[in-house]
Amino acid sequence: MSLEEKIGQMILAGFEGTAAPDASTLRMIREDRIGGVILYKDNIADVSKTVKLINAIKAANAKAGNAPIFVSVDQEGGKVSRLPSSYKKIPEAAVVGKTGDEKLATRMGELLAREVSSAGFNVDFAPVLDINSNPDNPVIGTRSFGATADLATRMGLAAMRGLREEGVVSVVKHFPGHGDTAVDSHLDLPVLNKTAEQLAKLEWVPFQAAIGEQADAVMVAHILFPKIDPDAPASFSKVIIGDQLRGKLGYKGVVITDDMTMGAIAKHYDLADAAVKSVSAGSDILLVAHGYDVERKVYKALLNAVKDGKLTEARIDESVTRILTLKSRYKLSDAATAMPELQKLNADIGSWLDDVANANR
């Protein structure tokens with residue numbers, strides 16, 4: 001692979017539109033060789049349009065001769081559900097966590113995987129492994145399986161297994177832990193005055209267990225931990241990604257950032273500089289929402305950083321090897337997805353919902 005192709009694999013980009021990939025999206029695929037895309041709620045109209053859109057993206061990627069493309073979505077259940085209303089609604093993690101039943105959490109993961117794969121997705125940004133330890137948290141709350149490390153770990157890992165068993169790449173989030181923040185990182189930069197020792201006793205517990213089960217990918221949050229690294233949020237901290245996640249916890253899989261266009265970064269840092277620092281710190285994939293201009297800025301920043309000696313090509317190769325290994329492990333393909341029949345899937349979700357309700361009585 002050329003350096004340009006390698007850099008492309010390290011970018012997972014958002015784009016505009018619901019019906020078909022526009023010229024800018026096709027340029028990202030054909031010219032910048034991006035490794036993945038993410039569809040947000042604004043990209044998803046109905047089942048038919050979504051399947052056609054994803055198939056068109058995969059076809060363009062195959063035509064460009066790229067490695068199979070990651071097609072990702074945030075489908076957690078509850079308020080973080082992107083799929084059309086023709087899919088029977090899966091509740092938030094807290095409802096399932098309340099049961100304490102790992103089998104129900106495994107089935108949740110399986111059903112989430114069946115939902116997303118039926119539309120052509122191959123990556124789900126789930127499950128949330130954050131512990132809901134702060135009742136004033138504006139962004140996690142019921143997205144978490146529970147308020148204790150034990151519950152969040154047992155149920156979160158069960159859901160992760162369910163996703164993986166159904167052939168969908170699971171991205172656990174948000175390392176090193178978003179459960180105790182009082183600020184929504186979509187809007188601004190949360191600051192947590194916790195030490196590494198404190199995180200190890202609570203927030204790290206589910207992630208350490210997931211790493212023990214060779215988690216496919218770990219998403220790193222935009223949170224500043226001044227007592228650990230006063231100079232960079234977790235998403236581009238060499239201490240948190242390099243020394244702690246890669247070093248102390250021994251994680252060898254794919255590291256992906258939370259969206260680099262969120263307020264936590266956009267309000268405080270230069271995007272191009274943050275992107276280079278994130279890769280230098282150990283990130284493999286940079287998630288950049290909202291279109292071609294943003295993607296292009298990150299792509300050029302990484303390319304120039306290698307040419308200027310700020311990043312080595314050997315460092316790029318490490319990430320690309322991890323990315324391609326993950327794609328190969330799941331035997332990803334750009335083959336078209338058939339229009340799904342949802343009757344059986346919705347019936348299975350309904351049956352599972354009954355079991356969850358009975359367990360919570």
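How many nonpolar, polar and charged residues are in the lining of the largest pocket? The lining has 10 nonpolar, eight polar and 12 charged residues. In this grouping, Ala, Val, Leu, Ile, Met, Phe, Trp, Tyr, Cys and Pro count as nonpolar, Asp, Glu, Lys and Arg as charged, and the others, Gly among them, as polar. The model is predicted, and local features need pLDDT of at least 70, side-chain atom pairs count only at pLDDT 80 or more, and totals for chains, interfaces and linings use all residues. Residues are numbered from 1 along each chain as its sequence is written, and side-chain values use heavy atoms, with hydrogens and water left out.

The volume of the largest pocket is about 540 Å³. Here a pocket is an open set of points on a 1 Å grid over the protein atoms alone, where a 1.4 Å probe fits, with protein on both sides within 12 Å along at least five of seven lines; lining residues have an atom within 4 Å of a point. Grid points are joined across faces, edges and corners, and the volume is the space filled by probe spheres set on the points. There are 30 lining residues, and those closest to the centre of the pocket are Y40, D74, R82, H186 and D259.

Next come the aromatic rings. A pair of aromatic rings is described by the distance of the centres and the angle of the planes. Three aromatic pairs occur in the structure (rings of Phe, Tyr and Trp, its six-membered ring, with centres within 6.5 Å; planes under 30 degrees apart are stacked, over 60 edge-to-face and the rest tilted). One of them, F175 with W204, is stacked, at 6.2 Å centre to centre and 20° between the planes. This pair links distant parts of the chain, 29 residues apart: F175 is in strand β5 (residues 169-175) and W204 in helix α8 (residues 204-212). Helices (H or I, at least four residues) and strands (E, at least two) are DSSP runs, numbered from the N terminus. Both F175 and W204 are buried (buried means under 20% relative accessible area, exposed over 50%, partly exposed in between, with a 1.4 Å probe and protein chains only). The pair of F236 and Y269 is edge-to-face, because the ring centres are 5.0 Å apart and the planes stand at 90°. F236 counts as buried at 5% relative accessibility, while Y269 is partly exposed at 24%. Ring pairs also join F175, W204 and F207 into a cluster.

Charged side chains complete the picture. Side chains of opposite charge can pair when their charged atoms come close. The structure has 22 salt bridges (a side-chain nitrogen of Lys or Arg within 4 Å of a carboxyl oxygen of Asp or Glu). In one of them, E76 meets K173 at 2.8 Å, N to O. E76 lies in the loop between β3 (70-73) and α4 (93-97) and K173 in strand β5, so this bridge ties together parts that are 97 residues apart in sequence. Both partners, E76 and K173, are buried. D150 and R154 form another salt bridge, with their closest N and O atoms 3.1 Å apart. These two residues lie in helix α6 (residues 149-165), four residues apart, about one turn of the helix. D150 is partly exposed, with a relative accessible area of 49%, and R154 is partly exposed at 26%.
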